[in-house]
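Q: Hi! I'm new to this one and would like a friendly tour. Could you walk me through it?

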Amino acid sequence: MQKYGEDRLSKLPDDILLTIVERLDIADAARTSIFSRRWKHIPAMLSKVVITVDPFERLRQWSNKKLPYYDAIRLNSTMIEATRSILGSRSANLYTIRLLRMKFYLGDDSIFIGQAVSSTVATQNVGFAEFEIMTRKDGSLCSDEDLLNYGRQLVSFVYICPTAFSGVTSLKLQNLRLPESEFPKNFGICRRLEFLSLEYCDMGILSFLELEHPQLSELVIADCHFEMVDLKWLPKLTLLTFSGWVALDDPLSFGHVPLLQSVNITNVGLSWHKMLKLSEFLGQATINNLQLNFKSEKIWIVPEVPRELRQVFHKLQIAELTNISEDCDLAWIMFILHGAPYLKELCIRMWDHLCEIARDEVERKKCAFSEEKKDKGLEWDASASDITHYNLAVLRIIGFQTEVKFMRFVRNVMEVAVNLEGIYLYNKPVCKTCQHVVRKPSRYPGSWKQKISIRRKINEGMCSAAEIYFPQKITC
């Protein structure tokens, strides 16, 4: 018979105890070391160490996106204690850390976190090391002085803890203004860097950013005030996400990016924004996945003839055009199909997302939103460039309505794409936040009878074998 109070859990092998501890958050994992001598060394064996302030992020949301100063200090103090407890107890080189992820607030006390990580990087085998460094204020609330102050704190942090940054493979920064001489210096210290995210960062308004790095494979630049970002030499870059720019001319320059595969570009087209010619904008880059998000405002690309586009589109296989205003026509989108002979999937999302659209007329004038038609200058005559497309297999339209422009566009694609297999027509997405705002009535076919009628109208006189589907609604 077993004795009352016998600790059978502690008799389990180390690998089973480690599996149990790895399912806990880092704070609970650290506490297991006080159970008994048997448990004391288990947290030091963790292969995945994730120490973040995520549970406390809601504090900033509740306080108008500004975290009180002493709350930030308290949260970082908790981070420092957890970091020292977990990393300080590890024996050198015995157990590999597969993932080390740190998320904390930038401040003078960040250095203590950096020092603990520096020691670990210097003495342990660390696979992926990720830093997400946040600021006490949200970017929308930061003054120029705030940006400069956060920039100075980061420079000091990197200067004191270069070893920590030399081992970082993923770095997320926000709300910083760095001197022009400091950015390449700090960026260069991160020799193992594979992922870089910059949000509300710059070197001064309308500054010039030149990027060179031998290992960087994914880059995110969001709402930064650069006049130009030059991807000068990024031989391993495969994914690029770029959103929001203030430049009057092309905001990006594609230099040596031979492995670039996917480009995701988002922008709210204002009245002064230049309309981009993709053949010139993408330069020598040859991508296979292109995503363009227009945020339900002015379209900021220009239709081009096939001979201009094929240099950059000859490898393109997936094209996604999202958040096109419901006021726009669809005919101009055909230029992408004409310019990309190997395109396999074309996805279009027409939707006025009221949560993100500025509707107040005073605000729209103040922010220089375009007062012209959102598809002005997008005239496209499909008959002027008659082609047969052999590779397009899938057409998706999110926000489909039984209107002439939709029906005509689907039929145009069917005429051109002779091997089209599936046409997927979705209703408008449903947003839980703005779904109760009064809109014009939906004209999506709801009943089976209506759907059969639409199929017949689309297929009338066509020789296409493509199947037409009406999938369930999408929730955003």
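A: Happy to; we'll go from the whole chain to single residues.

Q: Great. What kind of model is it?
A: It is a predicted model.

Q: How many helices and strands are in the protein chain?
A: The protein chain has 15 helices and 17 strands.

Q: And how much of the chain is buried?
A: Of its 476 residues, 49% are buried. The accessible surface of the chain is about 23,700 Å², and carbon and sulfur atoms account for 51% of that.

Q: What share of the contacts links residues 24 or more positions apart?
A: Counting contacts with a separation of 6 or more, 71% are between residues 24 or more positions apart.

Q: Okay, switching to charges. How many salt bridges are there?
A: The structure has 17 salt bridges. One of them pairs E297 with R364, with 3.0 Å between the closest N and O atoms.

Q: Why does that pair tie together separate parts?
A: E297 sits in the loop between β12 (289-293) and α11 (306-313), while R364 belongs to helix α13, so the pair ties together parts 67 residues apart in sequence.

Q: Are those two buried or exposed?
A: Both E297 and R364 are buried.

Q: Which residue does R408 pair with?
A: R408 forms a salt bridge with D329, and their closest N and O atoms are 4.0 Å apart. Since R408 is in helix α14 (residues 404-416) and D329 is in the loop between β13 (318-324) and α12 (334-339), this pair ties together parts 79 residues apart in sequence.

Q: What about K277, which residue is its partner?
A: K277 forms a salt bridge with E280, and the closest N and O atoms lie 3.9 Å apart. K277 is partly exposed, with a relative accessible area of 27%.

Q: Which residues are linked in a network of salt bridges?
A: D144, R177 and D202 are linked in such a network.

Q: Where on the surface does negative charge gather, I mean at which residues?
A: D360, E361, E363 and E371 form a patch of negative charge on the surface. D360 is found in the loop between β14 (345-350) and α13 (361-366). With 43% relative accessibility, D360 counts as partly exposed.

Q: Let's change topic. Where does V410 lie?
A: V410 is in helix α14, the helix that also holds R408. V410 is buried, with a relative accessible area of 0%.

Q: What does V410 touch?
A: Setting aside residues up to four places away in sequence, V410 touches L395, I397, I423, L425 and I458.

Q: And how far is V410 from N459?
A: Their C-alpha atoms are 9.7 Å apart in space, while the two residues are 49 residues apart in sequence.

Q: Why does N323 count as buried?
A: N323 counts as buried because its relative accessibility is 7%, and buried means under 20%.

Q: What is N323 in contact with?
A: Leaving out neighbours within four places in sequence, N323 is in contact with N293, F294, K295, S296, R349 and W351.

How values were computed:
Residues are numbered from 1 along each chain as its sequence is written. This is a predicted model: local features need pLDDT of at least 70, side-chain atom pairs count only at pLDDT 80 or more; totals for chains, interfaces and linings use all residues. Side-chain values use heavy atoms; hydrogens and water are left out. Patches are made of residues with over 30% relative accessible area and no salt bridge: like charges are joined within 9 Å, nonpolar side chains (Val, Leu, Ile, Met, Phe, Trp, Tyr) within 5 Å. Accessible areas come from the Shrake-Rupley method with a 1.4 Å probe; for residues, only the protein chains shown count as cover. A salt bridge is a side-chain nitrogen of Lys or Arg within 4 Å of a carboxyl oxygen of Asp or Glu. Lys and Arg count as positive and Asp and Glu as negative; His and the chain ends are not counted. The place of a charge is taken as NZ of Lys, CZ of Arg, CG of Asp or CD of Glu. Helices (H or I, at least four residues) and strands (E, at least two) are DSSP runs, numbered from the N terminus. Buried means under 20% relative accessible area, exposed over 50%, partly exposed in between (1.4 Å probe, protein chains only). Contact means heavy atoms within 4.5 Å.
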